[in-house]
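Q: I would like to learn how to read some local features of a model. Can we take them one at a time?

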Amino acid sequence: MAVYIVLAIMTCVMGFMVEQNNAVAVSENTTYSLMNATRQQLKNKSLIAMIFLALFGVSACRIAIGHDYWEYTSIFSLIAQDRYVSTEFGFNWLVRICQFVFGSEGKSYITIFAVVAFFTMLFFMKAMCDQTENFGMSFFLFMVFGYYLSSFNSIRYYLVLAVAVYSVKFILKKRYAHFVLCILLAAPFHMAVLFVLLAYPLALMKWNKWNVPIVGVVVASLLLFPQFYRRLIFIFYPFYENSIYDTGDTSIINIARCIGVLVFALIYYKSALKDNRKNMLYFNLSVEALIVYACCSFIPVVSRIGFFLNVFQIFLIPSVIRSIPKKWQRVFFTIIIIIAGIGYFVFFLHSCKDDGTRIVPYLNWILN
């Protein structure tokens, strides 16, 4: 656990040292020519590179971390033997390429985990650089909300989650074909990502007197006719029906978090949401997350659907803070959110001891 705490402190400190001017994303505030880059731009790039290497290093060096770690090693072995596996063909081909390049004997699975970790962290970091208005705060929330440590489990899912977060930049730029292509390229690694082809464009909706009752009817139908939606879901994902993932769990913590973030954003509706297309997109995604967590417990592994939606709170919260007109209120909410985030992170680490994720204690192939 000490490794995770030290890593979080070290990387978050570096994240808060990244400076952005005029509330623009990091990648939009930099010059890719080193000859023309300012000292701060070079500092930003260096800090972000060091953060990426730290996250990638800890993830790549892990061994026997995660409840499905050894399950994946068995999958890698079966792929090497050209035997059937249930994982998607894109992921299988990635494994085959790694095995062709690095071999498939001994502990070659370590390399495959490292390759997946590399691309997962790359897309997450690129998304934060492209979309946030405060890199330090967004990265802090990324760490304390547990997205990084959770990526040690369900590696296919977190890879496509990272791609999905990255893909929203294309929606914001109205490059919808690029968004669809990005998701379709991610789907062969985990089919659950196809959900966002509907969920993300819907989040562009502008609230008015007509769509509010429509949303109300949809929410009511989710509560009244769960079996209908289950049948619909299992048409596309039949392998989840009556599986170990079909448990009907409800996440009170995620419901509370969604409510808190939505209320916070609504308090500063005029400065943060009104006429701000990007923030409204993130706000609506949190609304969708609340609906999913509160009304869709019938969905197997509902958290995997919810994470596609509530992960954008790491962008919404800093943007709302930045939009607050009064400085003392910005400082106050910054302090409150940092304190709450640290508490959330401590609770997350403590729960990892008993929730079966096997993230704690940290083991690595260098010393263990």
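Q: Is L223 buried or exposed?

A: First, the basis: this is a predicted model, in which local features need pLDDT of at least 70, side-chain atom pairs count only at pLDDT 80 or more, and totals for chains, interfaces and linings use all residues. Residues are numbered from 1 along each chain as its sequence is written, and side-chain values use heavy atoms, with hydrogens and water left out. Buried means under 20% relative accessible area, exposed over 50%, and partly exposed in between (1.4 Å probe, protein chains only). L223 has a relative accessible area of 53%, so L223 is exposed. L223 lies in helix α11; helices are DSSP runs (H or I, at least four residues), numbered from the N terminus.

Q: Which residues make the nonpolar surface patch?

A: Patches are made of residues with over 30% relative accessible area and no salt bridge; nonpolar side chains (Val, Leu, Ile, Met, Phe, Trp, Tyr) are joined within 5 Å, like charges within 9 Å. A salt bridge is a side-chain nitrogen of Lys or Arg within 4 Å of a carboxyl oxygen of Asp or Glu. Areas come from the Shrake-Rupley method with a 1.4 Å probe, and for residues only the protein chains shown count as cover. Here L223, L224, F225, F228, L232, I235 and F236 make a patch of about 810 Å². Both α11 (211-224) and α12 (226-236) supply at least two of its residues, and α12 gives the largest share, 4 residues.

Q: How do α3 and α5 pack?

A: Axes are lines fitted to C-alpha atoms, for helices over the stretch in contact, and angles run from 0 to 180 degrees between N-to-C directions. Angles under 35 degrees count as roughly parallel, over 145 as roughly antiparallel, 65 to 115 as roughly perpendicular and the rest as oblique. The angle between α3 and α5 (residues 109-131) is about 110°, with the axes 10 Å apart; the two helices are therefore roughly perpendicular. Contact means heavy atoms within 4.5 Å. Y69, W70, Y72, T73 and F76 of α3 meet Y109, I110, I112 and F113 of α5.

Q: What is the phi of A64 and of S154?

A: Most residues other than glycine have a negative phi, and most peptide bonds are trans. A64 has a positive phi of about 60°; A64 sits in the loop between α2 (39-60) and α3 (69-80) and is buried at 17%. S154 has a positive phi of about 45°, in the loop between α7 (147-150) and α8 (155-172), and is buried at 9%.

Q: Where is P361, and is the bond from V360 cis or trans?

A: P361 lies in the segment after α18 (327-351). The peptide bond from V360 to P361 is cis, with omega near 0°.
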